[in-house]
Amino acid sequence: MKQLGIIGGMGPLATADLYKKIIDLTPATCDQEHLHIVIDSFAQIEDRTKFIMGEGVSPLAKLVQSAKRLKEAGCEAMLMACNTAHFFAPDVEKEAGVKILHIAKVAVDAIKKRYPNAKDIAVIATSGTKKAGVYDNILKEYGLNSVGFSKEQQDGLMDCIYKGVKAGKTQEFVPKFNQIISEIKADVYIAACTEIPMFLPYLDGDYKFIDATLELAKVGVEFGIEREIF
């Protein structure tokens, strides 16, 4: 069994969601069969989207600090409970000397496996993730099309993420989220922000959604138990 680390706190609910999914997916029959996971919930890491949009301080230094702490604790691979933070993944891997299991790659791999005929993909993410091409670059490599959103739709999604989930008001933003999703036409939708899965239980339509957090959890479990199960 290999030890995993979670670079967390971006935000705390998203970190808890990732950890809960890892627990639920682990084929364990007792405490001792669960994975050894160290979580560094470093909520003070600077806002990733603000920096990418040119409005804030780079979070790279604190991401590297977190990765180094987890490495020193014996973790053999890292998961980041934030999609936007994966823009910094190559630099974190290089500066901290760690392995990061990449959330965007595993999510797109899941689309190809589960929906092989899908072409148009809606990346439901922060403006930072969108601008940085965290998903779009991988989708292009796989021959898939990233559906464009209007400014109003993207701004609305940002409200759902920041004023909704991050502010502890998810339920209040459920109607807004459902309205925006109904306006976006795609073959498959990716919950490409770790706050977005909080809305998925409340979807009022039949949408093909890939929960990137869930796919990352699956890969993390397989890495930890050192065998394929999904």
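Predicted model: local features only at pLDDT ≥ 70, side-chain atom pairs only at ≥ 80, totals over all residues.
Trainee: How many salt bridges does a search of the whole structure find?
Mentor: One of them joins the side chains of Asp-211 and Lys-21. Another is formed by Lys-62 and Glu-46. The search of the whole structure gives a total of eleven.

Trainee: How many residues apart in sequence are the parts tied together by Asp-211 and Lys-21?
Mentor: The two side chains meet in a salt bridge, at 2.5 Å from N to O. Asp-211 lies in strand E7 and Lys-21 in helix H1, so the pair ties together parts of the chain with a sequence separation of 190 residues.

Trainee: Which elements hold Lys-62 and Glu-46?
Mentor: Their side chains meet in a salt bridge of 2.6 Å, N to O. Lys-62 is partly exposed, with a relative accessible area of 22%. The pair ties together parts that are 16 residues apart in sequence, because Lys-62 lies in helix H3 (residues 60–72) and Glu-46 in the loop between strand E2 (37–41) and H2.

Trainee: What separates Glu-215 and Lys-218 along helix H10?
Mentor: Glu-215 forms a salt bridge with Lys-218, with the closest N and O atoms 3.5 Å apart. Both Glu-215 and Lys-218 are buried. They are three residues apart in helix H10, so the separation is about one helical turn.

Trainee: Turning to aromatic pairs, what is the geometry of Phe-51 and Phe-88?
Mentor: A search of the whole structure finds five aromatic pairs. For Phe-51 and Phe-88, the ring centres are 5.9 Å apart and the planes are at 40°, so the pair is tilted.

Trainee: Where in the chain do Phe-51 and Phe-88 lie?
Mentor: Phe-51 is partly exposed at 30% relative accessibility, whereas Phe-88 is buried at 4%. The pair links distant parts of the chain, 37 residues apart. Phe-51 is in helix H2 (residues 48–52), and Phe-88 is in the loop between strand E3 (77–80) and helix H4 (89–96).

Trainee: What kind of pair do Tyr-189 and Tyr-207 form?
Mentor: Tyr-189 is buried at 4% relative accessibility, and Tyr-207 is partly exposed at 22%. Their ring centres are 5.3 Å apart and their planes at 80°; planes over 60 degrees apart count as edge-to-face, so the pair is edge-to-face.

Trainee: Which ring has Lys-130 over its face?
Mentor: Lys-166 lies over the face of Tyr-162, at 5.6 Å from the ring centre. For Lys-130, the distance to the ring centre is 4.1 Å, and the ring is that of Phe-149.

Trainee: Which peptide bond is cis?
Mentor: Gly-11 lies in the loop between strand E1 (4–8) and H1. The cis bond has omega near -5° and runs from Met-10 to Gly-11.

Trainee: What is the phi of Glu-226?
Mentor: Glu-226 is found in the segment after helix H10 (212–225). Glu-226 is partly exposed, with a relative accessible area of 48%. Although Glu-226 is not a glycine, its phi is positive, at about 65°.

Key:
Residues numbered from 1 in each chain as written. Heavy atoms only, no water. Helix = DSSP H or I, 4+ residues; strand = E, 2+ residues; numbered from the N terminus. Buried < 20%, exposed > 50% of the residue type's maximum accessible area, 1.4 Å probe, protein only. Phe/Tyr/Trp six-rings, centres within 6.5 Å; stacked < 30°, edge-to-face > 60°. Lys NZ or Arg CZ within 6 Å of the ring centre and 35° of its normal. Salt bridge = Lys/Arg side-chain N within 4 Å of Asp/Glu carboxyl O.
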